[in-house]
Amino acid sequence: MLALFDLDNTLIDRSAGLEHWARGFVRSRSLPQEAETVICDRLRDRAHPQDFVGLGAALGLSDDPGNLWHEYVDGIARSVRCFPGAREGLEALRGAGWALGIATNGAGDIQRAKLAAAGLAPLFDGICVSGELGVRKPERRLFEAAAAECGASLSAGGWMVGDNPETDMGGARAAGLRTLWVANGREWADGLREPDVMVPGIAEAIEVLQGKTV
Ligand SMILES: [Mg+2]
C-alpha cells in the first residue's frame, strides 16, 4: 500500500523552525525585534529565492539576495524538527511493507535540506518536490510522479497525509487517493469537503494507517 506525505507542518514543524531561524537571524544582524515579524509574515506560506529580494529590501539589508537565500536554507535545515513520533512511525510503516513517498511544494534545495537534516530522507522510497518537477500540488501530476517514484501507480489507490485542505486534501482526492488530514491545532474550515480521516497530528495519522490492511 502507498502512503504519500506532505512535508511542511505535516512531518516537520516548519512554523516553529521559521520562528527559530528568524529570531537568530535578527540577533545576528542586530536588527530591531520587529524584523522577526516581518520575516515570519513574508515567509509564512512559502519561501523561494526570489522572495529574498523583497525581504532584504524590507529589512534594509544590502546583502546579495542569493546569499540571503543560502543562509536561510542552511539555517532552516538546522532549525526544523520532526513532530514527535514521526520518524518512529514512518519506520514502523516501512517495516509493515508500506511504500512511502514525499509530495511537497517548494524549492528543491530547501526541501531536500530539511528532509536530510531531520533524518527523514532515508525513510522514503520516493521524494517529489514541486520546484524540481515544475508542477505543484494540487496538480495530479505531482501525486502521479510521487507514486511512480515509489514504484506504485495512483490507479492502485493509496493515502495522502497532509495539513493543507486544498493542495494536499483536495488535490489528493482528485488524484484518486484517500485523504488523511493532520490538524496541528487548527479546525477544519466550514463548507470545505471533509477528508476521509481527520486527526490531531502525525502520530495519530500513522496509527490510522497502521490499522489499514497493507
Ligand atoms: Mg504542509
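Along the sequence, the residues that donate to the magnesium ion follow the spacing D-x1-D-x154-D. Helices (H or I, at least four residues) and strands (E, at least two) are DSSP runs, numbered from the N terminus. You are looking at a predicted model, in which local features need pLDDT of at least 70 and side-chain atom pairs count only at pLDDT 80 or more, while totals for chains, interfaces and linings use all residues. Residues are numbered from 1 along each chain as its sequence is written, and side-chain values use heavy atoms, with hydrogens and water left out.

Let's zoom in on the metal. Its protein donors are Asp6 (OD), Asp8 (O) and Asp163 (OD), at 2.1 to 2.2 Å from the magnesium ion. Donors here are N, O and S atoms within 2.8 Å of the metal (3.2 Å for Na, K and Ca); water is not among the atoms, so sites may look incomplete. Asp6 counts as buried because its relative accessibility is 6%, and Asp163 counts as buried at 13%. For reference, buried means under 20% relative accessible area, exposed over 50%, and partly exposed in between (1.4 Å probe, protein chains only).

Next, follow the chain to helix 8 (residues 140–149), whose buried residues are Leu142, Phe143, Ala146 and Ala147. Viewed down the axis of helix 8, these buried residues fall within an arc of 135 degrees, so they line one face of the helix; the arc is that of the directions from the helix axis to the C-beta atoms. Arg141 and Ala148, on the other side of helix 8, are exposed. What do the buried residues of helix 8 pack against? Their partners are strand 1 (2–5), strand 2 (99–104), strand 3 (126–129), helix 7 (130–133), strand 4 (159–162) and helix 9 (165–174), with contact meaning heavy atoms within 4.5 Å. After helix 8 comes Gly151, with a positive phi near 75 degrees.

Finally, step back to the protein chain, which has 10 helices and 6 strands. Its radius of gyration is 18 Å, close to the 17 Å that the globule rule gives for 214 residues, so the chain is as compact as a globular protein of that length. That radius is taken over C-alpha atoms, and the rule is 2.2 Å times the number of residues to the power 0.38. Of the 214 residues, 50% are buried.
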